[in-house]
Structure formats: C-alpha cells, structure tokens
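Here are my notes on this model, point by point. Please read them with the structure open.

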Amino acid sequence: MIIAMSNIVSRLTALDYGVVAVYLVVLLVIGYRASFSNKNKTDETLFLANKSLGWPSIGFNMWGTNVGPSMLLAFASIGYSTGIVAVNFDWYAFVFLMLLALVFAPKYIAAKVSTMPEFMGNRYGDSTRNILAWYALIKMLISWLSLGLFAGGFLVRQILGIPMWQSVIVLVSFAGLFAFAGGLKAIAKVNVFQMLLLIGVSLTLTVLGINKAGGLSAVFHKVPGNYWNLIHPASDIKYPWYAILLGYPVSAIAFFCTDQAMVQSVLGAKNLEQGQLGVNFIGWLKILSLPLFILTGILCFILYPHLDDPALAYMTMVTNLFPPGMNGLVIVVLIAVLVGTIGSSLNSLSTVFTMDIYAEKINRDASNQDLIRIGRWVVVAGCLFAIGMALAIDSIKGLNLFDVFQSVLGFIAPPLAVVFLLTVYWKRTTRKAVNTVLSVGSAFSLGTGVVYLWVLPSAKYHFWPHYLLLSFYIFVFLAALAVAISLLDTSPEIYKPDASEIGRIAKPTKRVKLAWALLTIVMIVLYLIFNGH
C-alpha cells in the first residue's frame with residue numbers, strides 16, 4: 001500500500017525530531033566556528049573566504065549551490081516518467097566545467113577580481129561593469145533566490161503541511177544567517193557537511209529501493225528499454241537529442257563559467273591549481289546524479305507505477321521505504337540543499353552589490369568594515385525580496401519546476417554566454433558590441449522569454465521551437481550581432497591586456513591535466529554505455 005505523502009508528519013517519531021534537532025545544532029556550530037574563529041582577520045572574509053578554500057571545499061560548495069531542492073524533486077520526477085535522459089543536464093556539464101577550469105579561471109584569477117562585472121569592467125570600462133552588475137543582481141534575485149526559495153517552500157509545505165509564507169520565512173532566515181554572519185567561508189564549510197549528508201541519505205534510499213524492486217538486474221528489466229537511453233531520438237517531444245546538444249551549452253556556459261554564485265568558490269581558492277581541481281571535483285560529483293536522484297524516480301516507477309503526479313516520486317519513495325528516524329533525516333537533507341543554494345546566492349548577491357555598485361558608485365572611500373556592513377544589509381534585503389517573489393510565484397498555477405528553471409535560465413543565458421565567449425576568444429570584440437548585447441540583447445532575450453512563458457505560452461501555441469533550441473537561436477543571433485557591431489565600429493574600443501596580466505595567466509599543472517583527462521575518459525565511457533543499446 002502506498003502511504004500518502006502528506007502523512008510524513010504523522011509518521012515522525014521522537015527519534016525523527018531528535019535527528020532534526022541534532023542536525024540544526026551541528027550546522028550552527030560549524031557555521032559559528034567558520035564565521036568567528038579568526039576574529040582578527042576581518043579582511044575580505046565575507047566575500048572570498050580570505051582566499052582560503054581548497055579543492056574539496058570548492059567542489060562541494062559548487063555542487064551544493066547547484067543541487068537545489070527543485071533538482072532533487074525534478075530529477076526523480078523525470079526519472080519516473082522518462083528514465084535517465086535528464087542526466088544529460090549534469091553529465092554534459094563536464095565540458096563546460098572544463099572550460100571554466102582551463103580557460104576562464106586562469107584569466108579571472110590573473111585579473112585579481114572578486115566579481116564577474118569587475119572582470120568585464122577591467123576590460124571594457126565602467127559602463128560595461130555597471131550594466132553587467134545590474135544584470136547579475138536581477139538574475140540572482142529571480143533565478144537563484146526567488147525560484148530556489150519557492151521550490152524549497154513548496155517542498156516544506158508538502159512535507160510539513162504548513163502555509164507557504166511560514167515555510168519560506170523559516171528557510172530564508174536560516175540560509176541568510178550563514179551568509180550574514182560568515183559569508184563564503186561559513187557557507188563553504190556548511191556545504192561540505194550538508195553534501196556528505198545528502199549523499200548518505202540519497203544512497204540509502206536508492207539501496208532500499210533496489211532491494212525492494214528485486215535487485216539491479218530486475219530494475220534494469222522492469223522498465224521500458226528507452227528508460228536507459230541518454231540520447232533520445234529527434235522525434236522525442238520533450239528531450240530530442242539536438243535540443244540538448246545545441247541548447248544546453250548556452251545555459252551551461254552562462255551558468256558555470258560566468259555566474260557569480262558558481263564562480264565565487266573558484267575566486268576564493270588558495271591558488272589556481274586548487275580552483276581547477278575543485279571544478280574537476282564537481283564534475284565527478286555530478287556523475288552521482290544518476291544513482292542518487294534519477295534512479296529514485298525510476299525505482300518509484302517500478303514500485304508505485306500509478307502515481308497521480310510524477311513530481312511526487314521522491315517523497316513517495318521516502319514515506320514508503322524509510323523507517324522511523326530516517327524521515328527526520330530526509331527533512332534535514334531537504335533543508336540542507338536549500339540552505340546550500342540560497343546561502344551561496346545571498347553571498348554572491350551581497351558581493352556584486354557591495355563591490356560593483358556600492359564601492360564603485362556610492363562610496364569609493366569605503367573601508368573594509370563599511371563593505372562588510374553593506375554586504376550584510378544586502379543579505380537582509382535579498383531575503384525580504386526573495387520571500388515576496390516566492391509567494392508571487394506560488395500564485396502562478398500549473399508550473400513544472402524543472403522546466404521553468406531550465407527555460408528561465410535559457411532566456412537569461414544567451415547575452416552572458418555571447419559576451420564572455422567573445423571576450424575570451426576574439427580579441428577584436430569592442431566595448432560597443434559588449435554593451436549592446438548586455439543591454440539591448442538582454443531585453444530581447446528576456447522579452448522573448450516572457451512571451452514564451454506567459455503571453456503566448458508554448459503549451460497553447462505550437463509554433464514555438466523547444467525552449468533549449470530557442471535559447472540556441474537567440475545565442476546565434478546575439479553572437480552575429482556582436483560580431484557585426486565589432487566589425488562595423490569606426491572607432492573600436494578593444495581590450496589590450498598588459499604584460500603583467502599575461503604573465504600572471506598560469507598554465508595548468510600536471511595534476512590538473514591528469515584529473516581532467518581521467519574525467520573526460522570516464523564521461524565518454526558512460527555516454528557509450530548508456531547510448532541506447
């Protein structure tokens with residue numbers, strides 16, 4: 001018999017409540033120690049962790065930022081209804097993580113910047129920095145904080161049955177606490193603990209599911225054959241191979257290589273090698289998406305094939321398979337993935353506003369204490385904004401969370417992907433081209449997104465291409481526009497790096513090359529194994 005998901009609260013025992021309480025205490029102790037252990041070193045602690053992060057912290061922190069609750073639920077949901085195809089969104093990422101580690105990170109670290117707008121501003125001047133700073137702030141507020149908080153509130157409401165406004169306030173207060181008190185260092189420390197917990201609990205769920213389904217061989221044979229195909233035919237409406245091949249890179253470049261929330265961990269690295277190995281580590285961690293998240297949905301399809309809504313797959317597995325005490329752990333893990341994502345986003349938001357808007361435009365003589373104080377106020381403001389937006393999103397009915405996340409990212413991404421790629425790969429790119437793509441191009445891309453999602457929604461109007469392809473078409477159009485403007489510019493302002501910066505761009509070490517070669521081989525083998533035989 002399937003136990004209704006909402007019954008998880010009625011099944012919580014004293015042991016479950018104890019587990020949640022112990023977790024919260026451990027989390028607060030780790031956060032407190034990271035925030036206040038070296039009081040005398042106030043310099044830059046809040047934003048870049050005193051450049052003290054090693055590769056495990058960087059990898060776990062980037063993964064923690066990336067694995068939101070929506071991903072947990074959505075991957076199980078897609079696993080339930082279509083099999084492993086959604087793993088592409090994590091496995092195909094290794095190509096773009098490699099681009100970050102080997103191409104972008106050396107340039108970011110050589111330029112000694114603390115934000116992405118600062119990097120572009122050094123190349124194309126204040127106007128570019130300004131446009132990119134505001135764009136980055138809006139992007140973080142909407143795609144990271146508001147959608148992330150909504151997904152978490154939605155989850156907590158499902159589990160505990162409390163109203164949306166209560167769940168989002170509790171969640172954002174908890175996540176905001178770490179960003180407020182300890183900045184990146186506290187969040188990175190907390191995320192290592194949280195992600196190890198996530199792996200342990202998710203793996204336990206997978207093992208229990210495989211046992212109940214009759215072993216691995218039974219699992220393999222009890223679902224349709226195409227469930228094990230990573231690459232779906234062009235005729236597949238939801239995930240045709242060409243849409244993922246062409247459209248996903250646009251989002252991935254913007255997300256992994258230019259997004260402050262993702263790149264900030266690398267900027268906080270002890271040195272370039274640690275940063276590059278940390279990015280490599282998240283590539284390995286992403287392989288776990290199949291056994292930890294997607295397989296949960298496939299197992300649910302075998303064990304409980306008649307669910308009303310595939311989105312209930314993850315919680316159905318939890319409520320039916322976990323013994324007392326373990327349900328408390330699940331609540332803990334869901335809080336963990338949320339605190340990871342929102343804490344990192346709040347820290348990035350505060351870094352961009354403080355460094356690119358406040359220190360550049362409002363108070364150029366600000367002391368480090370001023371910067372930390374303003375950074376903390378921005379965290380508070382970000383929390384309040386996210387609560388309002390999450391409640392507003394909650395009023396829109398009939399959203400598939402994963403597709404909304406991916407499509408919103410798909411419309412935010414093209415201008416960023418275009419300007420960063422051209423800046424790094426084409427020396428002839430001019431300031432006018434960059435500024436036009438960031439301003440006019442962004443308005444065009446986001447405007448298209450609004451029409452696609454709300455004005456003429458694709459569910460009703462069938463002339464739209466797949467949202468991933470649409471993202472690719474916008475990217476190609478904006479890239480062509482940038483090249484045309486650069487070539488036609490009669491007084492081009494282009495970036496000429498000075499000798500000292502070129503001298504600081506380090507080549508990857510042998511360890512870094514070996515780590516990326518191994519990951520590349522493993523990923524190719526995985527794609528060959530799951531290629532529809």
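**Notes on the model**

1. The residues lining the second largest cavity divide into eight nonpolar, two polar and two charged. Here Ala, Val, Leu, Ile, Met, Phe, Trp, Tyr, Cys and Pro count as nonpolar, Asp, Glu, Lys and Arg as charged, and the others, Gly among them, as polar. The lining consists of Met116, Pro117, Leu132, Tyr135, Ala136, Lys139, Met140, Thr258, Asp259, Gln260, Leu416 and Phe420. The elements giving two or more residues to this lining are α7 (116-124), α8 (126-160) and α19 (401-425). Helix α8 gives the most, with five residues.

2. Basis of the values. This is a predicted model: local features need pLDDT of at least 70, side-chain atom pairs count only at pLDDT 80 or more, and totals for chains, interfaces and linings use all residues. Residues are numbered from 1 along each chain as its sequence is written, and side-chain values use heavy atoms, with hydrogens and water left out.

3. Cavity volumes. The structure holds four cavities of 30 Å³ or more. The second largest cavity has about 100 Å³ of space. A cavity is a set of points on a 1 Å grid over the protein atoms alone, where a 1.4 Å probe fits but cannot get out; lining residues have an atom within 4 Å of a point. Grid points are joined across faces, edges and corners, and a volume is the space filled by probe spheres set on the points.

4. Overall fold. The chain has 23 helices and zero strands. These are DSSP runs, numbered from the N terminus: helices are H or I with at least four residues, strands E with at least two. Buried residues make up 60% of the 533 residues in the chain. Buried means under 20% relative accessible area, exposed over 50%, partly exposed in between (1.4 Å probe, protein chains only). Among contacts (heavy atoms within 4.5 Å) between residues at least 6 apart in sequence, 84% join residues at least 24 apart.

5. Core. The largest nonpolar core holds 186 residues. Such a core is a set of buried Ala, Val, Leu, Ile, Met, Phe, Trp, Tyr and Cys residues joined through side-chain atoms within 4.5 Å. Trp63, Trp91, Phe104, Leu149, Tyr314 and Phe420 touch the most other members. Helix α17 (residues 326-362) gives the most to this core, with 19 residues. Leaving aside neighbours within four places in sequence, Leu149 is in contact with Trp144, Val168, Leu171, Val172, Leu338, Ile342, Ala386, Ile387 and Ala390.

6. Asp90. This residue lies in helix α5 (residues 88-91). Is Asp90 buried or exposed? Asp90 is buried, because its relative accessible area is 3%. A polar contact of 2.3 Å joins its side chain to that of Ser289. The term covers a pair of N or O atoms within 3.5 Å; within protein, one must be able to donate a hydrogen and the other to accept it, and residues adjacent in sequence count only if both atoms are side-chain atoms. Beyond four places in sequence, Asp90 is in contact with Asn66, Met71, Phe75, Lys286 and Ser289.

7. Ala93. Helix α6 (residues 93-110) holds Ala93. Ala93 counts as buried, at 0% relative accessibility. Its contacts beyond four places in sequence are Asn88, Tyr248, Phe256 and Lys286. Ala93 and Ile282 are 189 residues apart in sequence and 9.8 Å apart in space, C-alpha to C-alpha.

Conventions. On a 1 Å grid over the protein atoms alone, a cavity is a set of points where a 1.4 Å probe fits but cannot get out, and a pocket is an open set with protein on both sides within 12 Å along at least five of seven lines; lining residues have an atom within 4 Å of a point.
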